[in-house]
Amino acid sequence: MSDKAIITYNGQSYELPVIEGTENEKAVDISKLRAESGLITLDFGYKNTGATTSAITFLDGEEGILRYRGYSIEELAESASFLEVAYLLIFGELPTKSEFEKFNADITKHTLVHEEIKNILDGFPSKSHPMGVLSSLISSLTAFYPESLDPNRSADQVYLSVIRILAKMPTIAAWAYKNELGHPVNYPDNSLDYCSNFLKMMFAIPSDVYKADSVVADALNKLLILHADHEQNCSTSTVRIVGSSHASLYSAISAGISALWGPLHGGANQAVIEMLEAIRKDGGGVQKFMDKAKDKDDPFRLMGFGHRVYKNFDPRAKIIKKAADSVLAKLGVNDPVLEIAKGLEEVALSDPYFVERKLYPNVDFYSGIIYRALGIPTQMFTVMFALGRLPGWIAQWKEMRENNEPIGRPRQIYTGAKARPFTNIGDR
Ligand code: CMC
């Protein structure tokens, strides 16, 4: 098989190298095409454009395969802890017992945030969406740790920045929720594991002896693992591109949080529950909403359906659907919205519009139902996604920096006015 592709343009042929990944994916390397032929490639939404080579996550959308560093998402979700997966993503291998103990101890040591962060938090109106608060407060870490501003400083400094953000993000996320409620914040409890500590900071109230239910903590652990990385998606590409300018880790992650917020990406989990609630309030019939989703003049989309890369099923959605049934049963929660979701899925999966376009439930379709059962409020759903995605963002940022990748800077085809003379305002 040839390891070259040939483009013919204006009677001249240009040979382009074809590169191959470890799972036999192939790409035409067009990096020299412009210099040789004057042509650039154009691909709105980067639907068929690879931005990098990466050794972190493998995804096969046709087969519904997702692996972190070679380990299947099914096995990791079943058996690993979120911090083990974080270590795997960031450092490339599963930690040994002593590596894990050190990593866990380092994170635990840094869970407190600077008291002045509370002053910034107090400045936000209580109606603030927690995603906006999270993105701002993560960006504000640059002010408290100015040594983090230079991502080239030293490996130890990068390690410290990574540990700090992994440790502090749950505290900041829980505080963003407390701000929304107008309640006093809870400080971290370092005797607890990552998930139980987060749940305590979210739900404990003064004078209350709070202990996270192990079913809830386990479900949260699984959800965070399922969200931990997803190769070059919108928010991860944002993190890499911001980091490519040698901006700090905290600025890059803050930008990633903003990218995640939109309803076409991580914001879909909030939008799904709002849609299911709207269906319930409307009497529970799904056909009206199906018709709206199919109407090209209506901007409404079936939230939680469709994916840029998965065209048969989303393996994360399969795991979450099963987990939703078991978590609700274990917690004794009867959520009418689960039945609506199952009914909607059944109708959509047999509707030619969805079948032809290969639109299946994605990770966000059932995750909101579990979050609700765990007591997480709807506005916090996307924050939960961000907490889960954090190790993936860090791993992708670190890989990009270690490979010394060039600054991200796409080209364009200009379609505006040709050169024309300026006219004075009175002459227009
Ligand atoms: N409801 C109705 N029609 C849809 C939907 C949907 N949810 N998703 C895609 N389509 C249609 C779309 O209108 C288009 O139809 P046509 O070919 O007739 O123009 C076709 O399916 C292909 O869609 P696309 O918008 O070109 O596909 P994309 O790869 O650009 O978008 C997507 C992917 C996830 C943004 C999109 O499917 C969507 O908006 N889904 C709803 C939002 C959602 O659930 N997002 C969460 C994604 S999973 C979490 C994450 O990793 O971000």
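A polar contact is a pair of N or O atoms within 3.5 Å; inside the protein, one atom must be able to donate a hydrogen and the other to accept it, and residues adjacent in sequence count only when both atoms are side-chain atoms. Everything below comes from a predicted model, where local features need pLDDT of at least 70, side-chain atom pairs count only at pLDDT 80 or more, and totals for chains, interfaces and linings use all residues. Numbering runs from 1 along each chain as its sequence is written, and side-chain values use heavy atoms, with hydrogens and water left out.

**View A. Gln270 and its partner.**
Gln270 sits in helix α12 (residues 268-281); helices here are DSSP runs of H or I with at least four residues, strands are E runs of at least two, and both are numbered from the N terminus. Its side chain makes a polar contact of 2.8 Å with the side chain of Glu274. Why does Gln270 count as buried? Its relative accessibility is 12%, and buried means under 20% relative accessible area, with exposed over 50% and partly exposed in between (1.4 Å probe, protein chains only). As a general point, an α-helix has 3.6 residues a turn, so residues three or four places apart point the same way.

Which helix gives the largest share of the lining? That is α14, with seven residues. At least two residues each come from α2 (73-79), α9 (214-226) and α14 (315-331). The class count is nine nonpolar, two polar and seven charged. For the method: on a 1 Å grid over the protein atoms alone, a pocket is an open set of points with protein on both sides within 12 Å along at least five of seven lines, a cavity is a set where a 1.4 Å probe fits but cannot get out, and lining residues have an atom within 4 Å of a point. Grid points are joined across faces, edges and corners, and a volume is the space filled by probe spheres set on the points.

**View D. The largest cavity.**
Searching the whole structure turns up one cavity of 30 Å³ or more. Ser148, Asp150, Pro151, Gln157, Val158, Ser161, Leu249 and Trp397 line it. Helix α7 (residues 155-181) provides the largest share, three residues, and by class the lining has four nonpolar, three polar and one charged.

**View E. Helix α3 and the glycine after it.**
Helix α3 (residues 82-91) is mostly covered, with eight of its 10 residues buried. Those are Phe82, Leu83, Val85, Ala86, Tyr87, Leu88, Leu89 and Ile90. Gly92 follows the helix, and its phi is positive, near 95°.

**View F. Positive phi without glycine.**
Lys358 is not a glycine, yet its phi is positive at about 55°. Lys358 belongs to the loop between α16 (352-356) and α17 (363-373) and is partly exposed, at 39% relative accessibility. Asn404 also has a positive phi, near 50°. Asn404 comes in the segment after α18 (381-402), and at 54% relative accessibility it is exposed.

**View G. Thr22 and Asn197.**
Thr22 is in the loop between β2 (12-20) and β3 (26-28), exposed at 80% relative accessible area. Asn197, in helix α8 (residues 194-203), is buried at 6%.

Notes:
Ala, Val, Leu, Ile, Met, Phe, Trp, Tyr, Cys and Pro count as nonpolar, Asp, Glu, Lys and Arg as charged, and the others, Gly among them, as polar.
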